[in-house]
Amino acid sequence: MVNYTIRVMTTIESAMGHKIAWPDRQERAVNSAHFAGLGFPGCIGLVDRTLVKLSQRPRDDGETYFDRKSNYSMNVQTPGSCHDLTCLRRSSLWGRLGSAQLFDNGQYLLADSGYIPLDRLVCSYKRTGDDMDKVDFNTCIAHARVGNEHCIGILKARWHSLKEIRTQLRNPAENAYVIRWIRCCFILHNFLIWRSDEWSEDDHPIELETADDLGPPPQGARECNRRGLERRQAVQRTCLEINRRPSGVLCR
């Protein structure tokens with residue numbers, strides 16, 4: 001069965017691997033227009049992660065896969081105990097956040113408080129205190145991220161294997177096998193979206209993940225560059241100006 005599965009995954013990756021791709025300039029413009037309506041002009045997407053539960057403890061370094069929900073899991077590409085920021089640092093995106101090929105002028109990604117503010121990455125505040133501007137800004141980001149949470153919920157509802165991978169991880173080859181499996185689920189999910197295969201939440205309820213699943217940030221993660229702080233301040237001013245209007249999120 002494993003050989004057959006590998007053949008199927010190879011075919012999916014070969015025929016439809018392009019369904020996982022960074023948005024081109026036209027797609028980024030469409031995304032930016034969408035988020036502008038939510039108070040975030042220039043935002044072209046959201047950064048997030050999801051845990052994929054493993055049915056068994058991996059043989060090697062099993063403790064690194066143990067997450068805050070007391071499960072063994074993979075954070076899509078890294079062990080479940082890794083923090084969101086650590087995952088981003090280890091990804092190929094980290095070194096390309098300033099690339100002109102990925103972003104046009106004024107464009108950025110939106111994230112939750114598990115990340116740090118960078119020039120191309122605007123995140124919510126970890127602590128707001130009594131600062132109502134920060135509280136309202138976090139509310140606006142949470143509202144903008146609802147669609148992302150639904151996307152992850154639909155993904156796992158459509159591909160039940162992502163709720164729990166039932167295979168052993170005893171060596172690098174089996175680890176790579178699980179990563180390919182997850183990637184193929186993502187490819188097929190995007191393919192169905194491209195084919196306008198709508199998912200009805202009325203017929204198929206989904207489970208939403210929350211920020212409560214976040215662990216503490218890794219050591220040294222609180223450093224922020226000046227441009228990142230300036231970017232967040234500028235985005236915050238625009239966001240609050242839009243969403244404090246009668247039609248805005250904060251006035252509904």
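This is a predicted model: local features need pLDDT of at least 70, side-chain atom pairs count only at pLDDT 80 or more; totals for chains, interfaces and linings use all residues.

## Confidence and local architecture

Over residues 211-222 the pLDDT remains under 50, and for these residues the model has 27 contacts beyond four places in sequence. For the chain as a whole the mean pLDDT is 82, with 80% of the residues reaching 70 or more. Among the elements of the chain, α4 has the highest mean pLDDT and strand β4 the lowest, as tabulated here.

| Element | Mean pLDDT |
|---|---|
| β4 (residues 78-79) | 39 |
| α4 | 95 |

A further stretch, residues 77-83, has pLDDT below 50, and the model gives this stretch 24 contacts beyond near neighbours in sequence.

Turning to the sheet, three strands form an open arrangement in the order β1-β5-β6, with parallel pairing. Its edge strands, each pairing on one side only, are β1 (43-46) and β6 (121-123), and neighbouring strands are turned against each other by 30 degrees on average, direction ignored. Strand β5 (residues 108-111) pairs with β6 in the parallel sense over 3 bridges, and Leu109 stands opposite Leu121 in β6. Helix α7 (residues 226-243) packs on this sheet, where it touches β5 and β6, and its direction makes about 65 degrees with that of β6.

Leaving aside residues up to four places away in sequence, Arg145 touches Leu46, Val47, Asp48, Ala111 and Asp112.

Terms used
Residues are numbered from 1 along each chain as its sequence is written. Side-chain values use heavy atoms; hydrogens and water are left out. Two strands pair if DSSP finds at least two bridges between them. Helices (H or I, at least four residues) and strands (E, at least two) are DSSP runs, numbered from the N terminus. Axes are lines fitted to C-alpha atoms, for helices over the stretch in contact, and angles run from 0 to 180 degrees between N-to-C directions. Contact means heavy atoms within 4.5 Å. pLDDT is the predictor's confidence in each residue, from 0 to 100.
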